[in-house]
Amino acid sequence: SVAMGTLDESQISGITALALARVKKQGAGIDPQRQQSTRDLLHQALMDYIADLNLEIAEAEAGFEERFGDAWREEIALRVFGPDEVPQQREGESVEDYRKRLEQELVAKMLNPDGTIKDKYLNDPELRSAAEWAQKVRNRDLALGMANDLSDPAITPEQTREIMEQIEHAKNSEINNYAADAL
C-alpha cells in the first residue's frame, strides 16, 4: 500500500503513469463503465486526501490560535509581510471575509508558483509551520477543484485524462500517493 509507505517514489510514479498510459491507449474507445470506475477511484482518492488535509489544517490552526489567539492570521501576516505590507481590511469587509482573504494572501506569499514552500520560510523555524499550513491549504484547494471536476457527470474522457496528468505531474507527491493507492 502506498499510504503504508511500502512502495518507493519510483513505484508510486509508475502506478500513476501506467494508469494514465492505459487510459490514453484506450482513448475514445474506452468502455464507459471502466471510465466511470477510474473517475470514481480518482475522485475517492482526492476526497480522502482532502479529508486528511482538513484535519491537518484544523490542527495547525488550533495551534496558531493557542499561540497567537483569535487574530492568528494577522499575527502571522505581520511576520511574513512586515508591518507596512500587511493587507488591510477593506471598507465594508467583514472580519471573516478579511481573514479569508488574508489567508489567501499568506498562501500566495509563502509558496512558489508550483506549490513548494519558499526557502525563506522553509528555513525559518518560526514561520515553517505557517508555510506548511499554507501548502496544505493550497493542496486542499487544488484537490478540491480536481474532485469537483471529476464529480461532474458531463466530464469527458479527455478531461479525466487531463486531471490524471495534473496528478501525475504534481510537485506534491501526496496527491500522487493517494491517486496511486486508489488505482
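What percentage of the 183 residues in the protein chain do buried residues make up? The figure is 36%. Keep in mind on this tour that the model is predicted.

**Whole chain**

Start with the chain in cartoon view. The protein chain has 8 helices and 0 strands, and its pattern along the sequence reads α-α-α-α-α-α-α-α. Next, turn to the contacts in the chain with a separation of 6 or more: 66% of them are accounted for by residues 24 or more positions apart.

**Aromatic pairs**

Now show the aromatic side chains. A search of the whole structure gives 3 aromatic pairs. Select Phe64 and Trp133 to see one of them. Their ring centres are 6.3 Å apart and their planes stand at 80 degrees, so this pair is edge-to-face; the cut-off for that class is over 60 degrees. Phe64 belongs to helix H2 (residues 32–68) and Trp133 to helix H6 (residues 128–151), so the pair ties together parts that are 69 residues apart in sequence. Phe64 and Trp133 are both buried.

Like Trp133, Trp72 is buried. With Phe64, Trp72 and Trp133 displayed together, you have one aromatic cluster on screen.

**Helix H3**

Why is H3 described as largely enclosed by the rest of the structure? Of its 10 residues, 7 are buried, so the description follows from that count. To colour them, select Trp72, Arg73, Glu74, Ile76, Ala77, Val80 and Phe81. The list includes the charged residues Arg73 and Glu74. Then step past the end of the helix: H3 is followed by Gly82, which has a positive phi near 90 degrees.

**Glu105**

Draw a distance between the C-alpha atoms of Glu105 and Phe81: they are separated by 9.6 Å, and the two residues are 24 apart along the chain.

**Helices H6 and H7**

The axes of H6 and H7 come within 10 Å and cross at roughly 160 degrees. That angle makes H6 roughly antiparallel to H7, since the cut-off for this class is over 145 degrees. The crossing of H6 past H7 is left-handed.

Which residues make the contact? On the H6 side, show Met146, Asp149 and Leu150. On the H7 side, show Thr160, Ile163, Gln166 and Ile167. Sorted by class, the contact of H6 with H7 has 4 nonpolar, 2 polar and 1 charged residues. For the spacing along each helix, recall that an α-helix has 3.6 residues a turn, so residues three or four places apart point the same way.

Key:
Residues are numbered from 1 along each chain as its sequence is written. This is a predicted model: local features need pLDDT of at least 70, side-chain atom pairs count only at pLDDT 80 or more; totals for chains, interfaces and linings use all residues. Side-chain values use heavy atoms; hydrogens and water are left out. Rings of Phe, Tyr and Trp (its six-membered ring) pair if their centres lie within 6.5 Å; planes under 30 degrees apart count as stacked, over 60 as edge-to-face and the rest as tilted. Helices (H or I, at least four residues) and strands (E, at least two) are DSSP runs, numbered from the N terminus. Buried means under 20% relative accessible area, exposed over 50%, partly exposed in between (1.4 Å probe, protein chains only). Axes are lines fitted to C-alpha atoms, for helices over the stretch in contact, and angles run from 0 to 180 degrees between N-to-C directions. Angles under 35 degrees count as roughly parallel, over 145 as roughly antiparallel, 65 to 115 as roughly perpendicular and the rest as oblique. A crossing is left-handed if the near helix is turned anticlockwise from the far one by less than a right angle, and right-handed if clockwise. Contact means heavy atoms within 4.5 Å.
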